[in-house]
Amino acid sequence: DVTEALRTQMGDKPYPSDADKVAVIKKFIASTKAVRFEGDGYSDAWIEEAEKRGLPNIKTSPEAFEQLLNPVHSDMLTKLGIFTKTELQSRHLILQERYSKDLLVEATTLSTLLSSQILPSSFEYRGSLAQTVQVLKTIEGEEASPELAALQALTPVVKDLQAAIARLDDVIHKMHHVGDDPVEEAKFACANVLPAMNEARAVADRLEVLTADKYYPIPHYSELLWF
């Protein structure tokens, strides 16, 4: 489109002049105004601005993959000879299938990590706190309220993590029985597996700041950001 516009603008001249180039640039600046945004494209400000401009707000990967089959895009890609209709359909299904399978692997890995490392470490720290509280209570005049407060803050978060892991495992199990349709699998993974992963991660983040470093099995964020 830019090349054709420049050829039209320059007419019979062997080379385009600076004025020709500027004229074409002005044309495309005006025609692309609706999709240009000089602010933070990841911020809520862009989401609000895009809505004002009537631009689509595609929030999930499965929705994005569907755009390959949107006639607006598929017709252009086939017209330009980049893809055939069959190739677009194939790529659409491959992207959907890869997305759901990658998410399933990540969810299973997260569940294993939380169940085999994070949760046992919190149990061990709770046990240490409980033992310290009992020892201090046997010593006349010794105050155990600080350790008891730490134990009471830790316990409900540990229970929340157990519940989050159970919900994650449940959607992982359901994911295996969605069926053989890659599109439906991707939609289920996006609507169920991803939120369950985010929930479990959020609880683990809360637990991280309540667990002593010597018990926590993986590096804290502060240790990873030393540079």
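Is Tyr-125 buried or exposed, and what is its relative accessibility? Tyr-125 counts as buried, at 14% relative accessibility. The views below come from a predicted model.

**View 1. Tyr-125 pairs with Tyr-215.** The two rings form a tilted aromatic pair. Their centres are 5.2 Å apart. The planes make an angle of 40 degrees. Planes under 30 degrees apart would count as stacked and planes over 60 as edge-to-face, so 40 degrees falls in the tilted class. Tyr-125 sits in helix H6. Tyr-215 sits in the loop between helix H8 (182–208) and helix H9 (221–224). The pair thus links distant parts of the chain, 90 residues apart. Tyr-215 is buried too, with a relative accessible area of 16%.

View 2. By the ring-pairing rule, the model has two aromatic pairs. Phe-65 has a relative accessible area of 17%. Tyr-99 has a relative accessibility of 14%. Buried means under 20%, so Phe-65 qualifies, and so does Tyr-99.

**View 3. Helices H6 and H7 pack roughly antiparallel.** Two packed helices are described by the angle and the distance between their axes. H6 covers residues 85–138 and H7 covers residues 145–175. Their axes come within 9 Å. They cross at roughly 160 degrees. Angles over 145 count as roughly antiparallel, which is why this pair gets that label. The crossing of H6 and H7 is left-handed. The contact of H6 with H7 has 22 nonpolar residues, eight polar and three charged.

View 4. H1 spans residues 2–10, and H2 spans residues 18–31. The two axes come within 9 Å. The crossing angle is roughly 135 degrees. H1 passes H2 in a right-handed crossing.

**View 5. Residues 1–118 carry a UniProt annotation.** The unreviewed UniProt entry lists this stretch as "domain: GS catalytic". Over residues 1–118 the chain is 69% helix. Strand makes up 0%. The end C-alpha atoms of the stretch lie 56 Å apart.

How values were computed
Residues numbered from 1 in each chain as written. Predicted model: local features only at pLDDT ≥ 70, side-chain atom pairs only at ≥ 80, totals over all residues. Heavy atoms only, no water. UniProt positions renumbered as here; feature names shortened; annotations may be inferred. Helix = DSSP H or I, 4+ residues; strand = E, 2+ residues; numbered from the N terminus. Axes fitted to C-alpha atoms, helices over the stretch in contact; angles between N-to-C directions. Parallel < 35°, antiparallel > 145°, perpendicular 65-115°, else oblique. Left-handed = near helix turned anticlockwise from the far one by under 90°. Nonpolar A, V, L, I, M, F, W, Y, C, P; charged D, E, K, R; others polar. Phe/Tyr/Trp six-rings, centres within 6.5 Å; stacked < 30°, edge-to-face > 60°. Buried < 20%, exposed > 50% of the residue type's maximum accessible area, 1.4 Å probe, protein only.
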